[in-house]
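Dear colleague,

Please find the structure below, handed over for your records. My notes on its sheet, helix packing and salt bridges follow.

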Amino acid sequence: MSTPTPTRGPANPPSSYRAIENLIATYAELVDDGDFAGVGALLADATFTGGAGSVSGRDAIEKMLRDSLIVYDDGTPCTKHVTTNLAIEVDEEAGTAVSRSYFTALQALPDLALQPIVSGRYRDRFQRRDGQWRFVERRVRTDLVGDVSRHLRQGGS
């Protein structure tokens, strides 16, 4: 006997933990799809800090990704981001949350076997505004680097 899956909506919103987890997963999907405008929209209220420095807002984040990542004929960077070791701490009363997680980006190309090309850590901050959780900060720290030459433009991070 199967149990019906509860539907989401105003009467049954996702938990704060699940909503934040979904934001983190959406980031990975958008980057892997080459949807840099989508990443800009997702992080519109945020500051993004990585190896190239800090940028804030939709347009600056989209530009940073377009300037630093190589996109192939299929319109994507041919990557798959895997996010693990996710830890989320929510302050429901304040409407704030922080998270930390690991990431590994895999890449495969016609002349390149599937391989990990970079791994590191995300440190994120979130705020609940108008009942919706949003990124307000994403800090990316790279720990290990493989062959990123086919992922990053010259001079990119």
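In these notes, buried means under 20% relative accessible area, exposed means over 50%, and partly exposed lies in between (1.4 Å probe, protein chains only). The model is predicted: local features need pLDDT of at least 70, side-chain atom pairs count only at pLDDT 80 or more, and totals for chains, interfaces and linings use all residues. Residues are numbered from 1 along each chain as its sequence is written, and side-chain values use heavy atoms, with hydrogens and water left out.

I begin with the sheet. Helices (H or I, at least four residues) and strands (E, at least two) are DSSP runs, numbered from the N terminus, and two strands pair if DSSP finds at least two bridges between them. An open sheet is formed by 6 strands in the order 2-1-6-5-4-3, with mixed pairing. Strand 2 (53-56) and strand 3 stand at the edges with a single partner strand each, so one side of each has no neighbour in the sheet. On average, neighbouring strands are turned by 15 degrees against each other, direction ignored; axes are lines fitted to C-alpha atoms, for helices over the stretch in contact, and angles run from 0 to 180 degrees between N-to-C directions.

Strand 3 (residues 79-91) pairs with strand 4 (residues 96-109) in the antiparallel sense over 11 bridges, and Thr83 stands opposite Phe103. The two strands form a hairpin with 4 residues between them, where Gly95 in the turn has a positive phi of about 70 degrees. Strand 5 (residues 112-129) and strand 6 (residues 132-145) also run antiparallel, joined by 12 bridges.

Helix 1 (residues 16-32) packs on the sheet, touching strands 1, 3, 4, 5 and 6, where contact means heavy atoms within 4.5 Å. Helix 3 (residues 58-68) packs on the sheet as well, touching strand 1 and strand 2, and its direction makes about 135 degrees with that of strand 2.

The structure holds 12 salt bridges, each a side-chain nitrogen of Lys or Arg within 4 Å of a carboxyl oxygen of Asp or Glu. In one of them, Glu62 meets Arg66 with the closest N and O atoms 2.9 Å apart; both lie in helix 3, about one turn apart. Glu62 is buried at 18% relative accessible area, whereas Arg66 is partly exposed at 42%. Arg138 and Asp124 form another salt bridge (2.7 Å, N to O). Arg138 lies in strand 6 and Asp124 in strand 5, so the pair ties together parts 14 residues apart in sequence; both residues are buried.

Yours sincerely
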